[in-house]
Amino acid sequence: MRERHEAYLYHVTFNAMHNLVVDDPRRMHAHTFCVGIYVIEEQEDHPVFLGSEKILDRYFSRYRGIRLNELSPFIEIVPTLENMGEFFYWDLKPIFKRNGMKLLLLEVGDSPISTYRIGERPMIGNVYSLTAENAVDEYCERVRQRYRQALSEEGEK
């Protein structure tokens, strides 16, 4: 497979409640959780991304409108962002694999200022680094060349 420089990003939101202090049910509270999923296709002969929305809708429908602490695996583990992210990432990875895609990164947040990310490659900002450093340098040089050419052509007019 050729080196990839792009990924599809899907967002899923669901409303759910959780309790981080398990032995005190009065501390239960609700969030609108936002999950971002970055995937690439593992096959090049035809796009498979069209099924991703259905996969994600079906997967996350079980978490909508419930108390997470009452659903496996969060009966056994506290549903913190970190635990949710870990579980969703490793649970979704084989599902995407079976559908011809590779899950690169998953992020889950419960507010605009709180997000947990998990992936197998280094992350830069809010995008995924899919290339070696020399590939980034080569890309930047191609952009600079196009820019110089555009300026040159503009000057000839």
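In this predicted model, Glu107 and Arg117 form a salt bridge, with their closest N and O atoms 2.7 Å apart. Glu107 belongs to strand 3 and Arg117 to strand 4, so the pair ties together parts that are 10 residues apart in sequence. The two residues are also bridge partners in the pairing of these strands. Glu107 counts as buried because its relative accessible area, 12%, is under the 20% limit. Arg117, at 28%, is partly exposed.

**Salt bridges**

A search of the whole structure finds 4 salt bridges. Side chains of opposite charge can pair when their charged atoms come close.

| Asp24 (16%, buried) | Arg26 (76%, exposed) | 3.1 Å |

The protein chain contains 3 helices and 6 strands, which follow one another along the sequence in the pattern β-β-α-α-β-β-β-β-α. Four strands make up an open sheet with the order 1-2-3-4 and antiparallel pairing. Strand 1 (8–18) and strand 4 (114–119) stand at the edges with a single partner strand each, so one side of each has no neighbour in the sheet. From one strand to the next, the twist averages 20°.

Strand 2 (residues 29–41) and strand 3 (residues 101–111) run antiparallel and are joined by 8 bridges. Within this pairing, Val39 is placed opposite Leu103 of strand 3. Strand 3 is in turn joined to strand 4 by 6 bridges, again in antiparallel fashion, and a hairpin of 2 residues connects the two strands.

Two helices lie across these strands. Helix 1 (residues 52–60) lies across strand 1, strand 2 and strand 3, and runs at about 10° to strand 1. Helix 2 (residues 81–98) lies across strand 1, strand 2, strand 3 and strand 4, and runs at about 155° to strand 3.

Phe33 is located in strand 2 and counts as buried, with 0% relative accessibility. Leaving aside neighbours within four places in sequence, its contacts include Val12, Phe14 and Ala16, together with Leu68, Leu81, Met84 and Gly109. The C-alpha atoms of Phe33 and Val108 are 6.9 Å apart, although the two residues are 75 residues apart in sequence.

Arg67 is found in the loop between helix 1 and helix 2. At 18% relative accessibility, Arg67 is also classed as buried, because the limit is 20%. Beyond neighbours within four places in sequence, Arg67 is in contact with Met17, Asn19 and Met28.

**The chain as a whole**

Of the 157 residues in the protein chain, 36% count as buried. Among contacts with a separation of 6 or more, 64% link residues 24 or more positions apart. The chain exposes about 9900 Å², and carbon and sulfur atoms supply 53% of that area.

Technical notes: Residues are numbered from 1 along each chain as its sequence is written. This is a predicted model: local features need pLDDT of at least 70, side-chain atom pairs count only at pLDDT 80 or more; totals for chains, interfaces and linings use all residues. Side-chain values use heavy atoms; hydrogens and water are left out. Two strands pair if DSSP finds at least two bridges between them. Axes are lines fitted to C-alpha atoms, for helices over the stretch in contact, and angles run from 0 to 180 degrees between N-to-C directions. Contact means heavy atoms within 4.5 Å. Buried means under 20% relative accessible area, exposed over 50%, partly exposed in between (1.4 Å probe, protein chains only). Accessible areas come from the Shrake-Rupley method with a 1.4 Å probe; for residues, only the protein chains shown count as cover. A salt bridge is a side-chain nitrogen of Lys or Arg within 4 Å of a carboxyl oxygen of Asp or Glu.
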